Amino acid sequence: MSLSRRSLIVSAGGLVVASAAGCAGKGAGAAAPGNAVASIEYPAMAAHRGGLALYPESTMVAFESIVRNYPHAVLEMDVRTLRDGRLVVFHDSSVGRVATNSKARVSDLDSQQWRALRIADPQGGPAQPPVFLDEVLQRFGGTERVLMIERKGATDLRTFMDVLRPFRSQVILQDFERSKAESMTAAGFKVVQLTGKGTPKIIPGVYALGVASDAITNELCERAHEQDTVVWAWGDDVVFKDPQLLSLGVDGFIVNDPSRSILIQLPDERAKPQLQTAAKR
């Protein structure tokens, strides 16, 4: 659906959600057949590393759980390179923060060692194996599932783009390095230009800005929208449909816990913002 700058959304629970930030940017509106990215409905949610607050981070179990429980969520992930050149889905440069049986650097591991790793479950469930990028693409490639993928570390840009080019209609690439984001955009990919603090110079033609939530301003969102660029918020405290971020003009929310969403009742209902779980929506 194409959302105006001020719109009303009816939640599944019957509450009316007041959105001040629906964007009629590149992701909104009717999609060409088979174009998953163009089918994104804003405001949108991306499950950060597969919903790391709920599931074993960046594992197939996490991604499958998101698909099953949050059918419209984008799958957000990171890609690094093993010692033998194989691409894997992982955020940190080393595995110690989440692995139960190793503290090695990702770049020091080979494919066999990668398969032997186990990733802790934040809810106390059984640890799960990590995943290779080609396994993710084999499972979700060619579907309507959108993948938001960040290149990390020394992962070669050309290799990264070559692997993902066949899936261009359903992937959104991310990078903090401006030159890399420019190259991806020039190659025809939808790209999130990632930035932390400060006021970024928006890359001409870039699909989206990914901005730290505490650095987002109304002026930045307006400037992005004038260039037909959507704005995604990232940060540990980001909650889907956060009213403050919506009021600033944010379109997408990269969240650790996709079960949390803030629903706002209209002012004449004299209600405070309500934090609801997915089970209540």
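Lys241 sits in the loop between β11 and α7 (243-248), where helices (H or I, at least four residues) and strands (E, at least two) are DSSP runs numbered from the N terminus. The model is predicted: local features need pLDDT of at least 70, side-chain atom pairs count only at pLDDT 80 or more, and totals for chains, interfaces and linings use all residues. Residues are numbered from 1 along each chain as its sequence is written, and side-chain values use heavy atoms, with hydrogens and water left out.

Most residues other than glycine have a negative phi, and most peptide bonds are trans.

| Residue | Phi |
|---|---|
| Lys241 | about 65° |
| Asp228 | near 60° |

Lys241 is buried (under 20% relative accessible area; exposed is over 50%, partly exposed in between; 1.4 Å probe, protein chains only), at 14% relative accessibility. Asp228 belongs to the loop between α6 (218-226) and β11 (230-234) and is partly exposed, its relative accessible area being 35%.

The peptide bond between Tyr42 and Pro43 is cis, with omega about 5°. Pro43 is part of the loop that links β2 (16-19) to β3 (44-47).

Mean pLDDT (the predictor's confidence in each residue, from 0 to 100) is 85 for the protein, and 81% of its residues reach 70 or more. Residues 1-33 have pLDDT below 50, and this stretch has 88 contacts in the model beyond near neighbours in sequence, a contact being heavy atoms within 4.5 Å. Over residues 264-281 pLDDT stays under 50, with 38 contacts beyond four places in sequence.
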